[in-house]
Amino acid sequence: MNFNAIKETEAAPGATGESAYEEKVLSEFEFRLIRDYIHDYCGIFFEDAKIQTLAMRLSSRMTVLDIGSFSEYYNYLKFHPRGGDETAELIPRLTNNETYFFREINQISLLVARLKEKIKNEGIVNFKILSCGCSSGEEAYTLAIMLEEAKIYDRCKIDITGVDIDGKILRKANSAEFTAYSLRSTSRETADRYFLRDGEKYLLDERIRKRVRFMHGNMVDQHLFRMFKDVDAILCRNVFIYFSDSAICRTVESFYDALADDGCLLLGHSESLARITDIFITERHKNTMIYVKSGT
Ligand SMILES: C[S@@+](CC[C@H](N)C(=O)[O-])C[C@H]1O[C@@H](n2cnc3c(N)ncnc32)[C@H](O)[C@@H]1O
């Protein structure tokens, strides 16, 4: 398909065609096309009311590519040989990377207690944990700090993997350099023990940094989970708030298959599987809850 030809001849539905700027009006038809494309690709769903938000976020990419209409941009994403690269470039502009150390900590404390219990009762010495939608790594590193504090590393090997669709944020995760904003729920003692201050930066202790690895991946892609079997815990917190119910359902099925029979799933406080799927059992605890594959 010749995209230059499209650019010259195809006016965007709803566009005035007067100038490149005027053409960047996102019609409802184009909105639905692009919204569905994004949704199929990564699960993120833009409600109808978000049409302006989406238009704004796409516009900067269209300017870079010198694309004048949203229809043309859609065709580029879908059919151009470089459409896959462009999709990878676009998706991080649509995601929210908000995260911080020791966020929703009761749940992580519960996970640490579960692991301790397993070591005590079953003598288990190898654990696999995934942080899906890990952003810049604070969640995965918080877990590594808490396992260190609980002295679990002395007794076992724990494989913590952070997965995110946003390659740029993963570079930040790997660098393990943070600002005070990321440490806003971290106690002074913990900060002193695990971070080195360098001007405005907080550098995570190398011991903790080495305990987490990061991987670029799309959790909606079922192939991703083929490499994960018998996982003990999956943390997928504050990601599903941006997904449609159907994408949550699909993703949670992959989680189910990747988890060990006694594995558990941790979602964010405002996220729930109620009315979406009943494959997991809800386990309620004081101040928090988790999902398990089978009840005890
Ligand atoms: C708000 S952050 C949550 C960070 C962390 N889990 C927490 O609770 O603090 C959401 C992250 O999910 C990632 N994400 C969104 N869709 C994804 C997908 N389909 N596959 C992998 N990561 C995704 C985003 O790039 C973003 O970094």
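Domain bounds here come from an automatic or database domain assignment. On that basis, the protein divides into domain 1 (3–94) and domain 2 (105–292). This is a predicted model: local features need pLDDT of at least 70, side-chain atom pairs count only at pLDDT 80 or more, and totals for chains, interfaces and linings use all residues. Residues are numbered from 1 along each chain as its sequence is written.

Overall picture. The C-alpha trace spans about 70 × 50 × 30 Å along its principal axes. I count secondary structure by DSSP: helices are H or I runs of at least four residues, strands are E runs of at least two, both numbered from the N terminus. That comes to twelve helices and ten strands. Now burial. A residue is buried if 20 or more other C-beta atoms lie within 10 Å of its own, exposed if 12 or fewer, and partly exposed in between, with C-beta atoms placed from the backbone. Of the 296 residues, 33% count as buried. Contacts next: two residues are in contact if their C-beta atoms, placed from the backbone, lie within 7 Å. Take the contacts with a separation of 6 or more; residues 24 or more positions apart account for 75% of them.

Back to the domains. Their C-alpha centres lie 33 Å apart. Seven residues from domain 1 and eleven residues from domain 2 make the contact. On the domain 1 side, helix 3 (28–42) and helix 6 (83–94) each supply at least two residues. What classes of residue make up that side of domain 1? Five nonpolar, two polar and no charged. For the classes, Ala, Val, Leu, Ile, Met, Phe, Trp, Tyr, Cys and Pro count as nonpolar, Asp, Glu, Lys and Arg as charged, and the others, Gly among them, as polar.

Now the ligand. A residue is near a molecule or strand if its C-beta atom, placed from the backbone, lies within 6 Å of it. There are 25 residues around the ligand, and Thr 99, Gly 133, Ser 135, Ile 165 and Asn 238 come nearest. The shell holds nine nonpolar, ten polar and six charged residues. Domain 1 and domain 2 each give at least three residues to the shell.

Stay with Asn 238 for a moment. Its loop runs between strand 7 (231–236) and helix 12 (245–258). Asn 238 counts as buried because it has 20 C-beta neighbours inside 10 Å. Asn 238 also has a positive phi, about 65 degrees, although it is not a glycine. Most residues other than glycine have a negative phi.

Phe 102 is another case, with a positive phi near 60 degrees. Phe 102 sits in the loop between helix 6 and helix 7 (105–122). With 19 other C-beta atoms within 10 Å, Phe 102 is partly exposed.

Next, helix 9, residues 167–175. Which of its residues are buried? Ile 169, Leu 170 and Ala 173. Down the helix axis they fall within an arc of 105 degrees, so they line one face of helix 9. That arc is taken over the directions from the helix axis to the C-beta atoms. Lys 168 and Arg 171, on the other side, are exposed. The buried residues pack against helix 6, strand 2 (157–164) and strand 6 (212–216). Just after helix 9, Ala 176 has a positive phi of about 55 degrees.

Strands now. Two strands pair if DSSP finds at least two bridges between them. Strand 3 and strand 5 (residues 201–204) are joined by two bridges. Phe 178 has Tyr 202 of strand 5 as its bridge partner.

Strand 9 (residues 281–285) and strand 10 (residues 288–292) run antiparallel, joined by five bridges. Ile 281 stands opposite Val 292. Two residues lie between the strands, and Asn 287 takes a positive phi near 70 degrees in this hairpin.

Last stop: Tyr 194, in helix 10 (residues 188–194). Buried or exposed? Tyr 194 is buried, because 23 other C-beta atoms lie within 10 Å. Beyond neighbours within four places in sequence, Tyr 194 contacts Ile 145, Leu 204, Asp 205 and Ile 208. Tyr 194 and Phe 101 are 93 residues apart in sequence, yet 12 Å apart in space, C-alpha to C-alpha.
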